[in-house]
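The sequence and the structure are shown first, and the notes follow by topic.

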Amino acid sequence: MILTKAQYDEIAQCLVSVPPTRQSLRKLKQRFPSQSQATLLSIFSQEYQKHIKRTHAKHHTSEAIESYYQRYLNGVVKNGAAPVLLELANEVNYAPSLMARIILERFLQEREETPPSKSVINSMLRDPSQIPDGVLANQVYQCIVNDCCYGPLVDCIKHAIGHEHEVLLRDLLLEKNLSFLDEDQLRAKGYDKTPDFILQVPVAVEGHIIHWIESKASFGDECSHHAYLHDQFWSYWNSLS
């Protein structure tokens, strides 16, 4: 189903004041019943990521970090089982996984007296049982599993969906009896940056000659198209077309 620019803008405008929760996604689906859940989730995620990029700096000032950390400590003293971190993230409109990272880094810095390495932080976020504090481990876990847009769980889902789409595309090319080379075959030939598939015999689609195909398991808005053109597509055009 093709989504018009006007339809996209209407959905994006609706997301301006919507917190990034599963409840919000359900309301979005009720508002736009003709759109698939996958389309709405992709647009939701991309619009929220734009918001995070715009507001990221203000959450990482020393004052903000100390304020969040003290609020976390005060909250878990009152009730360590309550979703203190998750509620804090939602209150300040920041991604729960990113809030969990801030608090975890601050906790480890206080405990170890040295800044923790990025690899240690990432490992603990992927597996909160490694966190040397049971209450914080539970708080981080709650943030990870309730984050729709960021965090290791979302990264795994995106990777799996991306791989699934590549498999589906390969199957479709085989079904249409189109001759192609995939990424592994292209790298074996010495290519550095490669699309997912190069058609050995180009085909015409709606008046355009198609030489190669890059599968993206996300919604193609103007911002992402511009980024992909700059980071990937122009190099494909220059070296492969």
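In which loop is the place of Asn93? Asn93 lies in the loop between α5 and α6, where helices (H or I, at least four residues) and strands (E, at least two) are DSSP runs numbered from the N terminus. The model is a predicted one, in which local features need pLDDT of at least 70, side-chain atom pairs count only at pLDDT 80 or more, and totals for chains, interfaces and linings use all residues. Residues are numbered from 1 along each chain as its sequence is written, and side-chain values use heavy atoms, with hydrogens and water left out.

- Asn93 has a positive phi of about 60°, although it is not a glycine.
- With a relative accessibility of 27%, Asn93 counts as partly exposed; buried means under 20% relative accessible area, exposed over 50%, and partly exposed in between (1.4 Å probe, protein chains only).
- Two packed helices are described by the angle between their axes and the distance between the axes.
- The axes of α5 and α6 come within 9 Å and cross at roughly 115°; axes are lines fitted to C-alpha atoms, for helices over the stretch in contact, and angles run from 0 to 180 degrees between N-to-C directions.
- On the α5 side, the contact (heavy atoms within 4.5 Å) is made by Leu85, Leu86, Leu88, Ala89 and Asn90, and on the α6 side by Pro96, Met99, Ala100 and Ile103.

**Helix α8**

- Helix α8 has 12 residues (residues 134–145) and should span 16 Å at 1.5 Å a residue; the expected span is 1.5 Å times one less than the number of residues.
- The end C-alpha atoms of α8 are 17 Å apart, which agrees with that expectation.
- Leu136, Ala137, Gln139, Val140, Gln142, Cys143 and Ile144 of α8 are buried.
- The elements covering these buried residues include α4 (62–78), α5 (84–91), α6 (96–112), α7 (118–126) and α9 (152–175).

- Three strands form an open sheet in the order β1-β2-β3, with antiparallel pairing; two strands pair if DSSP finds at least two bridges between them.
- β1 (180–182) and β3 (208–213) stand at the edges with a single partner strand each, so one side of each has no neighbour in the sheet.
- Neighbouring strands of this sheet are turned by 35° against each other on average, direction ignored.
- β2 (residues 197–205) pairs with β3 in the antiparallel sense over 5 bridges.
- Helix α9 packs on the sheet and touches β1, β2 and β3, and its direction makes about 65° with that of β2.

**Individual residues**

- Glu206, in the loop between β2 and β3, has a positive phi of about 50° although it is not a glycine.
- Glu206 is exposed, with a relative accessible area of 76%.
- Ile213 belongs to strand β3 and is the bridge partner of Phe197.
- Ile213 is partly exposed, at a relative accessible area of 22%.
- Leaving aside neighbours within four places in sequence, Ile213 is in contact with Leu169, Leu173, Pro195, Asp196, Phe197 and Leu199.
- Leu174 is placed in helix α9 and is partly exposed at 48% relative accessibility.
- Leu174 and Asn79 are 95 residues apart along the chain, and their C-alpha atoms are separated by 57 Å.
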